[in-house]
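Let's read a structure together, one feature at a time. Have a look first, and then we will talk.

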Amino acid sequence: MEKRKLGKSDIELSVFGIGCWSYGGKKEDYWGAQDQSDAEAVVHAALDRGINYFDTAEAYNDGRSEEALGKALGGRRDEAIIGAKIPPEHTEPQTLREHCEASLRRLGTDCIDVYMIHWPITDHSTDDAFAAMKDLQAEGKIRVIGVSNFGVEQLGEAMDTGVRFDVNQLCYNLFSRGIEDGIMPMCAEHEIGIIGYMPLLQGLLADKFKTPDEIPEVRARTRHFDGSRPQSRHGEAGAEAEVFAALDGIREIARELGMPMSRIALRWCIERREMTCVIAGVRNLEQLDDNIAAFSHSLPADAVRKLNELTDPVMEKIGTNADYFEGRGNSRIR
Ligand SMILES: NC(=O)c1ccc[n+]([C@@H]2O[C@H](COP(=O)([O-])OP(=O)(O)OC[C@H]3O[C@@H](n4cnc5c(N)ncnc54)[C@H](OP(=O)(O)O)[C@@H]3O)[C@@H](O)[C@H]2O)c1
């Protein structure tokens with residue numbers, strides 16, 4: 001498995017990482033019940049096959065994702081790079097420290113390798129939050145400081161704090177290419193690594209849903225789908241027609257290349273050198289086997305060009321707002 005250097009840090013991440021949002025999940029949680037033995041099988045097989053990055057957050061299943069990942073890693077903690085995230089509302093210095101220590105306990109470790117501010121801070125000082133992150137780093141509680149969902153303006157504010165950070169975790173997939181306009185070039189210019197999340201658009205790019213109506217409500221909240229969907233809050237028109245037309249074309253490319261759509265979608269994300277790593281939610285060994293195969297060889301340049309052309313109409317319809325859950329007026333990413 002190829003590894004890429006994370007920003008200016010001394011950490012190298014495998015280009016494919018495991019998204020652990022579903023881990024520790026119960027029936028009523030976002031991803032439903034997650035079997036711990038499946039999670040453990042995925043974590044061990046991933047490590048055996050050269051994947052070193054595992055992504056979690058205190059917000060995932062009220063801390064149970066962190067617990068489940070820590071338990072799954074067990075005695076193999078040293079082989080893994082753990083990425084965890086702190087909600088922005090918990091980044092005032094004393095609160096940040098307490099929440100970081102709680103994450104460390106749940107993960108069963110004394111250091112979080114990559115600690116990211118989950119979304120931009122809106123209600124208190126970014127300077128104080130970054131200074132507190134730096135203190136935690138100096139004490140060895142975190143190795144690399146990171147952010148997530150930061151736009152150009154917010155990256156500028158973060159850089160103005162003078163505290164070095166090495167990663168921005170962002171939504172990136174064939175239908176969510178907003179970061180290409182501004183955020184991705186800025187990260188490349190300043191050697192800030194990018195970890196791409198939601199590469200399968202929560203299953204759609206694994207060819208799971210043949211019509212818009214088949215998509216579960218909770219997975220149809222993004223701006224790709226009409227704002228009248230029950231759990232949606234963005235209030236925009238969506239791009240169902242463009243998305244499903246492009247899916248037909250992607251399916252055709254997948255057929256020509258003799259691989260499932262999920263592999264094309266995953267591999268496409270890391271064809272860009274600006275991307276350090278892409279993380280997909282992997283719930284069982286079958287999905288791991290399927291997804292890992294995407295990283296054994298590159299996509300032909302011609303296929304990448306065609307995939308971009310096929311998905312351009314979706315980009316044009318939904319625009320470059322990189323917050324896929326909120327409309328342009330309320331975007332949390334600036
Ligand atoms: N920083 C942030 O704000 C942020 C936001 C969202 C996510 N994330 C991180 O990014 C990770 C990945 O994003 P995500 O989980 O939301 O979306 P995703 O990776 O696009 O989709 C994951 C889901 O797709 C299905 N799947 C995976 N591989 C498959 C395959 N080979 N064939 C068919 N279906 C497959 C599984 O769902 P089913 O089996 O249930 O259908 C899986 O849970 C998360 O786990 C989390 O760590 C970060």
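**Reading the model**

Q: Where is Glu 286 found?

A: Glu 286 belongs to helix H9, helices being DSSP runs of H or I with at least four residues and strands runs of E with at least two, numbered from the N terminus. This is a predicted model, in which local features need pLDDT of at least 70, side-chain atom pairs count only at pLDDT 80 or more, and totals for chains, interfaces and linings use all residues. Residues are numbered from 1 along each chain as its sequence is written.

Q: Is Glu 286 buried or exposed?

A: A residue is buried if 20 or more other C-beta atoms, placed from the backbone, lie within 10 Å of its own, exposed if 12 or fewer, and partly exposed in between. Glu 286 has 11 such atoms within 10 Å, so it is exposed. In the protein chain, buried residues make up 49% of the 334 residues.

Q: How far apart are Glu 286 and Val 42 in sequence and in space?

A: They are 244 residues apart in sequence and 9.0 Å apart in space, C-alpha to C-alpha.

Q: Which elements each supply at least two residues of the shell around the ligand?

A: Strand S10 (275–281) and helix H9 (285–292) do. A residue is near a molecule if its C-beta atom, placed from the backbone, lies within 6 Å of it. Here 28 residues surround the ligand, and Gly 19, Trp 21, Tyr 197, Ala 206 and Gly 281 are the closest.

Q: How many helices and strands does the protein chain have?

A: The protein chain has 10 helices and 10 strands.
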